[in-house]
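Hi,

Here is the structure I promised to pass on. Have a look at it first, and then read my notes below.

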Amino acid sequence: MINTLAQIDHVASAGRTPWHRASALSKLLLASGLVLLAVFAPSLRLLAGLYATAWALALSARLPWRLTLAASGYPLAFTLLFLLARWDGTAGTPLRLLLRPLTASLAAVWLVGTTPYPDLFAPISRVLPRSVGDGLFLTYRALFELMGRTSGLWRALRLRGGASGPARRRLTLAGEGFATMVLYGFERSQRLYATMLLRGHSGRICGCRHWAEWSRADLLVAATALVVTAGAVLLWRTP
Amino acid sequence: MSHLHIPDGVLPPLLWIPGLLLALLLLGLSALAARGASRQQVAYQGALGALMLAVMAVEVPLGPLEYHLSLLGPVGVLLGPAATFQVVFVANAILALVGHGGLTVVGLNALVLGAGGALARPVYGLIARRAGAPGAMVGATIVAQAVSGALWLLVVGVGLRAGAAGTARLGLFAGIAFPMWIVGIGIESVVAFGVARFLARVRPDLLPGGGPMAEETP
């Protein structure tokens, strides 16, 4: 999961397509629209069209197709449970159940794959309480560092015999290892707080200021939104 | 079991829309409750939220399956109810952005995990004087995981019933999920025991009521 996130994070910052140049707000609105349409659309044709649109977005953003497939295909496993439970002998029901989550997750992957996290979190944090909005930035910033440390800890535990012996001993050792991460997290928060003060922290992490700066690339987002809306109106009542 | 990986579009809107609204309401209330929190505390919350996400990527072999830890109990004890709910919401939002759990289900996810996490510190406080820090952490984790797991089963059960699943299918689902729930509680509890034992020895002030520095810690 974290490796996928790290790769998507890299693609979001390194990409040079018009989607990457478009503002975070317009992409957020388009992706939200796609997700909501996918969730509520009754028509199979519309769902297929939305899924094709989401793939077109992802591929035109030059997101690596394997990465996109891996990230967007994650809901498959859990969807299968619901698919079995709701099996009614028709092809329509399972197809709808599959296309809805796949389209939604693909739209989310396109969004995070074309938008660096400070731009993406900036508009979201503005509608959340301050401590939660700041938490979004701080959690994401700490994530990759702690992930690396956790991975190293897990490897060290295995190499030093922490993976052998009774389960209770192994899990207790793992817990003690994670406690060192808690300590590290506490010390890291003290350092970060000091750094924030030194840099003139004003009481709120605002992210970058580009999230609502419109450019020509936003016309592409608007055109796509128009096409999607028109398609939704035309296909909503079809089977 | 500890994280609701339900994707978008499989649960009925009557379930996820109220869940999302309730989660946003609780988020606002938790922000009010924690409005006096220092910036360092917010940074500490961020670090523990990141730790939850990092630990979720660790796979504990469980026979043919793999269990993903959450550290819900320890994080709930260390942060308290309001901050834990915020941390859980943020962690779920980040997971949803990479397809792990749907965007529309972020609210339900936060409620499922947050309800358990919010109970952890009160339970810890009740047990700590008699059983010591490690024992109290185990008790808090059992309660947190049991509540979260029960809510998880409830949400998935309602979701399946909304799809007109037969009783036999629901029974099959419960037959698979229930043992995993119990085993998950056991694994998380033993890990939490290790966390508390280490912290009680090295930095007892980080635990609630753990020492003279407790008031200064986030």
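Which residues touch the most other members of the largest nonpolar core? They are Trp110(A), Leu51(B) and Met137(B), in a core of 149 residues. A nonpolar core here is a set of buried Ala, Val, Leu, Ile, Met, Phe, Trp, Tyr and Cys residues joined through C-beta atoms within 7 Å. Buried means that 20 or more other C-beta atoms lie within 10 Å of a residue's own, with C-beta atoms placed from the backbone. Helix α5 (residues 106-162) of chain B gives the most to this core, 24 residues; helices are DSSP runs of H or I, at least four residues long.

Before you go on, this is a predicted model: local features need pLDDT of at least 70 and side-chain atom pairs 80 or more, while totals for chains, interfaces and linings use all residues. Residues are numbered from 1 along each chain as its sequence is written, and chains are lettered from A and ligands numbered from 1 in the order written.

Chain A is divided into domain 1 (2-116 + 211-235) and domain 2 (128-198), with bounds from an automatic or database domain assignment. Their C-alpha centres lie 32 Å apart.

Now for the two chains together. The contact takes 62 residues from chain A and 65 residues from chain B, counting two residues as in contact if their C-beta atoms, placed from the backbone, lie within 7 Å. On the side of chain A that touches chain B, α10(A) gives the most, with 20 residues. Leu51(B) touches Leu146(A), Met181(A), Val182(A) and Gly185(A), among others.

Enjoy exploring!

Technical notes
Buried ≥ 20, exposed ≤ 12 C-beta atoms within 10 Å, placed from the backbone. Helix = DSSP H or I, 4+ residues; strand = E, 2+ residues; numbered from the N terminus. Lists of a residue's contacts leave out its neighbours within four places in sequence.
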